[in-house]
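Here are a few friendly notes to read alongside the model. Keep the 3D view open and follow the points in order.

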Amino acid sequence: MSAATHAPAGTPSSPSSSPSASRKSAVDTAPKKVRRRNAGLGLIAWLVGIVFVLPVLWMALTSLHTEADAATNPPSLAAPLTLDGYREFFGAGGGPSPWFSLANSLTASVVSTLFVLLLSLPAAYALSIRPVKKWTDVLFFFLSTKMLPVVAGLLPIYLFAKSSGMLDNIWLLVILYTSMNLPIAVWMMQSFLAEIPVALIEAAQIDGARLPAILTRVVAPIAMPGIAATSLICFIFSWNEMLFARVLTGVIAQTAPVFLTGFITSQGLFLAKVCAASLVISLPVLAAGFAAQDKLVQGLSLGAVK
């Protein structure tokens, strides 16, 4: 009787206790696996970030060298630093001043972005909260206009600008940038506005609010992260555009990217000066992205989860 009830020392444990032991070991090893995976993903993210940041750091370092040191191959990291490239960019050496071109880029980018928001918000409202028939076909048509190569429409636009007397006019760039960014803005805003509860719109309509009041007082505050993300992307696209600005402008409406290309010559050294100019011209975009980074991330992820 005692032999049946008491197992001898060294015998394996009963089958009833093995599942609980295996579950406990699984619970103990799960956090370790999660930590190792997170550490690996974090390391990969750091490596990718360093790869993307290195060219910018190299450009900043090259801009602080003399033209002779910047043109050496391999480049000299221990070369003395100087601000001559920035002085020449800002016209200290007798060259043209960049302020007029920077003001043209700022005007064209900001004004076109405002026009894009004024046009895309009602259009996205009609396609999301009050959808029209075959709204998916409408969205595809909007997006298909971005598939046309820019160079394919360059000659007709140039002939139109020449015949209408709008060559070297900043407002021509405003119109072009508005039409170029409007399709992607409508596409983005539609996904953002689709997340707004329709009950809020109906409650505002019951209270007697009309469409302008609904868009400005109900829709816009809720969709502000999406509006910020759309505005930043349109601003970046407008600021960086160079092909139309190069062909359609001359001196009066010259933008910053076109002004930058003036430093590239067939004779002489220009690498340090071009790096300094590129860094200065990139600062407004970097500052806008840094100021709106939280709303940009929130806006870009707003329509990702349905």
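1. Let's start with Phe259: its relative accessible area is 8%, under the 20% cut-off, so this residue is buried. Please keep in mind that this is a predicted model.

2. Which ring does Phe259 meet at 70°? The partner is Phe89; the ring centres are 5.9 Å apart, so with planes at 70° the pair is edge-to-face. This pair links distant parts of the chain, with Phe89 in helix H4 (residues 84-89) and Phe259 in helix H13 (residues 256-261), 170 residues apart. Phe89 is buried, as is Phe259.

3. Phe259 also pairs with Phe263: the centres lie 5.4 Å apart and the planes stand at 90°, so this pair is edge-to-face too. Phe263 is buried, with a relative accessible area of 11%. Ring pairs join Phe89, Phe90, Trp99, Phe259 and Phe263 into a cluster, and the structure holds six aromatic pairs.

4. Now for the nonpolar cores. The largest one has 21 residues, and Tyr125, Met189 and Leu193 are among those with the most contacts inside it. At least two residues of this core come from each of helices H5 (99-128), H8 (170-193), H9 (198-206), H10 (211-222) and H11 (224-240). A second, separate core of 16 residues includes Ala276, Val280, Ile281 and Val285.

5. Finally, have a look at the surface. Is Trp46 buried or exposed? Trp46 is exposed, with a relative accessible area of 65%, and sits in helix H2 (residues 18-63). Trp46 belongs to a nonpolar surface patch that also includes Leu41, Ile44 and Phe52, with about 1100 Å² of accessible area for the patch together.

Methods. Residues numbered from 1 in each chain as written. Predicted model: local features only at pLDDT ≥ 70, side-chain atom pairs only at ≥ 80, totals over all residues. Heavy atoms only, no water. Patch = residues over 30% accessible without salt bridge, like charges linked within 9 Å, V, L, I, M, F, W, Y side chains within 5 Å. Areas by Shrake-Rupley, 256 points an atom, 1.4 Å probe, with all protein chains shown as cover. Salt bridge = Lys/Arg side-chain N within 4 Å of Asp/Glu carboxyl O. Helix = DSSP H or I, 4+ residues; strand = E, 2+ residues; numbered from the N terminus. Buried < 20%, exposed > 50% of the residue type's maximum accessible area, 1.4 Å probe, protein only. Core = buried A, V, L, I, M, F, W, Y, C linked by side-chain atoms within 4.5 Å. Phe/Tyr/Trp six-rings, centres within 6.5 Å; stacked < 30°, edge-to-face > 60°.
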